[in-house]
Amino acid sequence: VAAAAGEATLASPTAFVTDSEHNAWQTERNTSLPADHLANLFMRTRVASVATDEIGPTLKRLYEAPELLAFLSALLQRPLFRLDDPIGACTINVFREGWHHAWHFDEAEFTVTLSLQAADEGGHFVFTPPLRTSADDPANAAVASVLRAQTEHAFSLPGDGTGESGGAAVPVRTAPFAPGTLQVFAGRDSFHAVTPTR
């Protein structure tokens, strides 16, 4: 882990910066819905990424290790394959001071992460239990409940009763993420975020 962290530190100054806004599902604005509808709530994310072709040899060896692939396949009880993408197969997320990743669902069913370095403060990976039954299920009431409890964003969700409650309270957990922690996460169904780093 120390070697991979050192390589990541060397590569991080030139990491590609994303400073953008997205909704919970990372989809386009829905112009058929009111501008203040939950589906049209776009939240800011700031993160940098080191691409696969720029990461050091330690993480590349780990990503390419057949033992890791066999372990993950056994854990998830299904055959898995490496992503054949020379840029995005294995990346390093870099969060600079004050940066964060807003609440969202992933496009991929599962994501595997390895923590290399903890922030001095913040930078917590927070998540809910699975809220969606499929990629087509928006889980609007649960998403609204989380966003109302965890953020200061204002939005509407017609049909949720009072307009103030997005449904029953949804538990939010913080993942233990000390350096060396390997996490396999069902990000397509579990709502999640990274809190601002300090």
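Modeller: A residue is called buried when its relative accessible area is under 20%, exposed when it is over 50%, and partly exposed in between, using a 1.4 Å probe and protein chains only. This is a predicted model, in which local features need pLDDT of at least 70 and side-chain atom pairs count only at pLDDT 80 or more, while totals for chains, interfaces and linings use all residues. Residues are numbered from 1 along each chain as its sequence is written, and side-chain values use heavy atoms, with hydrogens and water left out.

The part I take is an open sheet of four strands, in the order β4-β9-β6-β7 with antiparallel pairing. Since β4 and β7 stand at the edges, each with a single partner strand, one side of each is left without a neighbour in the sheet. The strands (E, at least two residues) and helices (H or I, at least four residues) are DSSP runs numbered from the N terminus. Two strands pair if DSSP finds at least two bridges between them.

Going across the sheet, β4 and β9 run antiparallel and are joined by two bridges. H101 has V194 of β9 as its bridge partner. Next come β6 and β9, paired in the antiparallel sense over four bridges. Here V194 of β9 is the bridge partner of F125. V194 is therefore named as a bridge partner for both H101 and F125, under the DSSP bridge criterion for pairing. The antiparallel pair of β6 and β7 has two bridges, and V126 is partnered by T174 in β7.

Rings of Phe, Tyr and Trp (its six-membered ring) pair if their centres lie within 6.5 Å; planes under 30 degrees apart count as stacked, over 60 as edge-to-face and the rest as tilted. By this rule there are six aromatic pairs. In one of them, W103 and F191, the ring centres are 5.1 Å apart and the planes are at 40°, so the pair is tilted. W103 belongs to strand β4 (residues 101-104) and F191 to strand β9 (residues 190-194), so this pair ties together parts that are 88 residues apart in sequence. W103 and F191 are both buried.

F125 and F177 form a stacked pair, with 6.1 Å from centre to centre and 20° between the planes. F125 is in strand β6 (residues 125-130) and F177 in the loop between β7 (173-174) and β8 (182-185), so the pair ties together parts that are 52 residues apart in sequence. With a relative accessible area of 12%, F125 is buried, whereas F177, at 26%, counts as partly exposed. Ring pairs also put F125 and F177 in a cluster with F127 and F185.

A charge sits over a ring if NZ of Lys or CZ of Arg is within 6 Å of the ring centre and within 35 degrees of the ring normal. R132 lies over the face of F105, 4.5 Å from the ring centre.

On a 1 Å grid over the protein atoms alone, a cavity is a set of points where a 1.4 Å probe fits but cannot get out; a pocket is an open set with protein on both sides within 12 Å along at least five of seven lines, and lining residues have an atom within 4 Å of a point. Grid points are joined across faces, edges and corners, and a volume is the space filled by probe spheres set on the points. The second largest pocket holds about 210 Å³ of space. It is lined by 14 residues, of which H100, W103, Q150, T151 and P196 are the closest to its centre. The elements giving two or more residues to this lining are β2 (43-50), β4 and β9. The most comes from β4, with three residues.

The lining of the second largest pocket has seven nonpolar, six polar and one charged residues. Ala, Val, Leu, Ile, Met, Phe, Trp, Tyr, Cys and Pro count as nonpolar, Asp, Glu, Lys and Arg as charged, and the others, Gly among them, as polar.

Two loop residues remain. A139, in the loop between β6 and α4, has a positive phi of about 55° although it is not a glycine. A139 counts as buried, at 12% relative accessibility. A169 is in the loop between α4 (140-150) and β7 and is exposed, with a relative accessible area of 73%.
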